[in-house]
Amino acid sequence: MKSSISQIKDSLRDKKISVEELYDEFLIKAKSSKTNSFNLLLDKENNILSIKESQKRYENGNPLPLDGIPLGIKDLFCTKGIRTTASSKILSNFTPNYESFVTQKLLDDGSIFIGKNNCDEFAMGSSNETSFFGPVKNPWKNKNVPTDDLVPGGSSGGSAAAVAEGTCVASMGTDTGGSIRQPASLCGIVGLKPTFGSCSRWGIVAFASSLDQAGPLTNSVEDAALILNSINKHDFNDTTSSNHVREDYSIGINDKLDQKIKIGIPSDYLKDVSGDILSQIENTKKALIKHNVEFVDVEFKTTEYALSTYYILAPAEASSNLARYDGIRYGVREEGKSLDDIYLNSRTKGFGDEVTRRILIGAYVLSAGYYDAYYRQAQKVRRLIKDDFQRIFNDVDFILTPTTPNEAFKIGDKLDPISMYKNDIYTVPTSLAGLPGISIPSGLSTNGLPLGIQFIGNYFEEKKLLQIAALAEKELNFNEQ
Amino acid sequence: MSNNWEMVIGLEVHAQLNTSSKLFSSSPNQFGSEPNENVNFIDSGMPGMLPVMNFACIEMAIKTGFALNFNINKYSVFERKNYFYPDLPQGYQISQFEFPILTEGFINIDNEGNQKKIRIERAHLEQDAGKSIHDIDPKFSFIDLNRVGTPLLEIVSYPDLSSAEEVVSYMSSLRQVLMYIDVCDGNMQEGSLRADVNLSVRKKGGELGTRCEIKNLNSFKFIRQAIEYEFKRQIDVIESGGKIEQNTMLFDTSTGETRAMRSKEFSHDYRYFPDPDLLPVNLTQDQIDKVKTSVGELPQAKLDKFIKDYNVDKDIAKIITVEKQNAILFEKMISETDVKPKFIAAWLVGDIFAFIKENNLEVSSLNEKTKEITDLLKLVSDDVISNKAGKEILPKVLNGQGKPSDIVKELGLEQVSDSGELEKIIDEALIGEEENISKFQGGSDRVLGYFVGKCLKATKGKGNPKLINKILLERLKK
Amino acid sequence: MSDIDIKRISYLAKLKLPHEKEEFYANSLKDIIKWVDNLKMIDTSETEPLHNVTEKTVSIRKDEINKSNSVDDVLSNAPERAQNFFKVPKVVE
């Protein structure tokens, strides 16, 4: 059983273990891991000052909220003085001179970074197979084919695998179309994507600016709440950062629900799903009904358009966001006789297949003659999707869906892009609407692989969302399965 | 070359705004700094960086909206213009496309007495790019990003201009207005104001031709040269049976010729889309009204006022209003004395400007000396001293050598304006001049000058020449 | 649906696709564009595009200078630099 942040803090406080010993323990495990969940591990020497200061605070009896907790950080967050690659060749030699807003908050709260987690290149992927540093392996195995290496999901596959295998207490990931929730589901852990605008995007390598959100991957809902407390803050330097008043998300997380809760289950999401997936929903229903939760059928009008909308808008924004990677001011520069050659060679050789593909899609849907039919149309449909959710939220407090349409599949299995994109079918709509979503592990498939369920809340209602997720987590008792 | 060709020109003027910091980053907006001194991570397009808008740029755009008779659009959107160039770190320029902040304005230009209204289609805010230095080394270019992100207002006219002179007149009027409202410093050598000229030719009354764009002209001289050259070039092409290709041209300042930029394999497609890192601008009426109060009096209004209310000559009024600091000096002087503005104006554009030019001063440096200047002018206008004496004293006053009245006393320059005294002198001077007197009465005006000179000499130059003239005439007519 | 002009698209994206991969990417694009074409069936004539999920911002700067990094911070990752310039092969216009 993995320890929670609170339990670890207690052990540190009670001197059962020191901050340094704790770090050593996780680092040894990380170094011997075979999942390739880290692009970079930080030796103790890199962190020795922080470790010592953290220890001092424990001894003085005034530890910070995440003091001494070893965290993994997805290699998409710019970490000052620490190589940040976005799992891409083109940034494989890049060391930022600035710290992202979110990771700075984690440092301010005393956490210690054990390393940079592997991920899909530029966060583009659902299986962590596009990384320049090689694929990540899911620590879980299909009990019927235990020799198969399975995907952990993506793009935050490294983060999910690391948390699942216990090489960090929690990891900071990003979610654009499901990149926190989907790998969390496939690795049997918790993954939270906050409301768009909750957590600053400043210093995060941008993929799709109107969709990217930072969020925690953790072993428990409570741990997710604790990390959310740290990172969920307004940032003036991010124009899309929301200025609403934040709350403490961990206080009262295990309290009884004080009112009747209504949860909608989209019937169209459950059409044609496997028995395994269906049972996750059924078990969740059973678990929560006894707590004064009512379940109703709801129906979206826009489900069949969500993936198309996403796969127009996200690549479009990405094609523009990735234009800055040219080998001129930073990153890997390839040889070239002319300046144009340098651009062409650096970019072509620096980006992998999937990134190249998405840049091309993006350039296409924004180009003259196609902008109205694709990009503009997708933006309009996005509004329809947002309105669709609001219509449903008029009636219900939360929406419950499976997180993924399938369990973890074999590395190399899904070569066709579109079949890969369909992994995101349950997570993408939430992203398009900007709503908060959390995935918790709900059970095992017939192959013994973890499956997750997703709760979707209304804008900025993370506190309530975490409460219902914590309740479901308790009742479903995944860790005992 | 047949004579019934005419040119059709539209101008895109880029004006750098006079803010302290850049449009989307808080780096300094300064010219002439050390390379890459004014560059932060946002400007250099580093991973994860985000833009934050400088509201002063919006205010300057609104001011310009009032000054150039634009519709000020409450809703406007920043969009990304995507293309690759080494001086464009993000790989896109943040600009405005579908929803610019200003639309449908105009300015009246005065081209050698002919008034013409030049309609302006739109003006929008955008980032400036960096600079590449190509001529230091044969094999390499060097990139300085200081200018990246400097706020620009791009002002796009309708193709209402039909000659190089009109273009220069338009651009200098724009420049004047922008400087008056403190939106741009108008320094063309430093690149504060640049123009792209779009020129096509057509037979008089014929259809519009294909236009070519000549980029980045930063002096009136080059604008004139480029237009003249391009006009001829296009006519030559057409008259020899060719077709004009829509090209982007550069003007070679050393040869005086335009040439097409290296042709690209595919045409530009900027793939504009709203910048997802920014929110649309939504101005309130309050915000717009607040800016209106800071616009101040515009050059045309000042010109009209000087001519109508102050009775100043049109040409002199033009000189005074050409630069705001001239007008400020003038208006300050008027407010401090009862000397007629027309009188002050003449002295200003004459001896005072001459002094300024000779001594390489800023016009505004005289603002602290207006009391002394107007005191001096009053002495002249009241006939206490002669015009000539005034001119003599002026430099001393401007050099801070003392108060005018003191200097006059010191140098003994008071005029003799006592009619009685002068009459005596004049009568004396006329003694023995019967021959000249009859010459005058016979119609010779030159003799008058001779007599005035003789009297002035008799007064050792202190006689009031006007009065002498007057009294002489009275005497001579008898 | 017209054929994908893969040469033009890759030109716009500043990518030089290896010849043997051009068809691969062109087909990929074709499939994906066909897949997302279902959006054309929706009537959006009454709908405004959604540009931002965030509806309000306070991120509007006063006109103040804030220099928080050195020249070196900006140039330290440069593949090639000459004193305080970024150095590139000569650009011909």
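**Close-up views of a predicted three-chain model**

**View 1. Two salt bridges link chain A and chain B.** The count between chain A and chain B is 2 salt bridges (a side-chain nitrogen of Lys or Arg within 4 Å of a carboxyl oxygen of Asp or Glu). In one salt bridge, the side chain of Glu98(B) meets that of Arg376(A), at 3.6 Å from N to O. This is a predicted model: local features need pLDDT of at least 70, side-chain atom pairs count only at pLDDT 80 or more, and totals for chains, interfaces and linings use all residues. Residues are numbered from 1 along each chain as its sequence is written, chains are lettered from A and ligands numbered from 1 in the order in which they are written, and side-chain values use heavy atoms, with hydrogens and water left out.

**View 2. The interface of chain A and chain B.** Chain A brings 38 residues into contact with 31 residues of chain B (heavy atoms within 4.5 Å). The area buried between the two chains is about 2800 Å² (accessible area, 1.4 Å probe, that two parts lose on being put together, summed over both). Carbon and sulfur atoms give 60% of that area. Tyr98(A), Thr239(A) and Arg324(A) supply 21% of what chain A buries against chain B, more than any other three residues.

**View 3. The interface of chain A and chain C.** Here 70 residues of chain A and 53 residues of chain C take part in the contact. The two chains bury about 5400 Å² between them, 65% of it on carbon and sulfur atoms. The rule finds 4 salt bridges across this interface. Lys14(C) forms a salt bridge with Asp340(A), with the closest N and O atoms 2.8 Å apart.

**View 4. A salt bridge within chain A.** The whole structure holds 56 salt bridges over all chains. Lys89(A) pairs with Glu334(A), the closest N and O atoms being 3.6 Å apart. Lys89(A) sits in the loop between strand 2 (70-74) and helix 4 (101-108), and Glu334(A) in the loop between helix 9 (303-321) and helix 10 (339-350), so the pair ties together parts of chain A that are 245 residues apart in sequence. Helices (H or I, at least four residues) and strands (E, at least two) are DSSP runs, numbered from the N terminus.

View 5. Chain B is assigned domain 1 (2-290), domain 2 (299-411) and domain 3 (419-477); the bounds come from an automatic or database assignment. The second largest pocket holds about 880 Å³ of space. Of its 30 lining residues, the closest to the centre are Asp110(B), Ser173(B), Gln176(B), Gln300(B) and Lys318(B). Domain 1 and domain 2 of chain B both give residues to the lining, so the pocket lies between them. Helix 2 of chain B gives the most, with 7 residues. The lining divides into 12 nonpolar, 10 polar and 8 charged residues.

**View 6. The largest cavity.** The structure holds 10 cavities of 30 Å³ or more. The largest has a volume of about 90 Å³. Of the 13 residues that line the largest cavity, the closest to its centre are Asp43(B), Gln90(B), Gln127(B), Val148(B) and Gly149(B). On a 1 Å grid over the protein atoms alone, a cavity is a set of points where a 1.4 Å probe fits but cannot get out; a pocket is an open set with protein on both sides within 12 Å along at least five of seven lines; lining residues have an atom within 4 Å of a point.

Technical notes
Points joined across faces, edges and corners; volume = space filled by probe spheres on them. Nonpolar A, V, L, I, M, F, W, Y, C, P; charged D, E, K, R; others polar.
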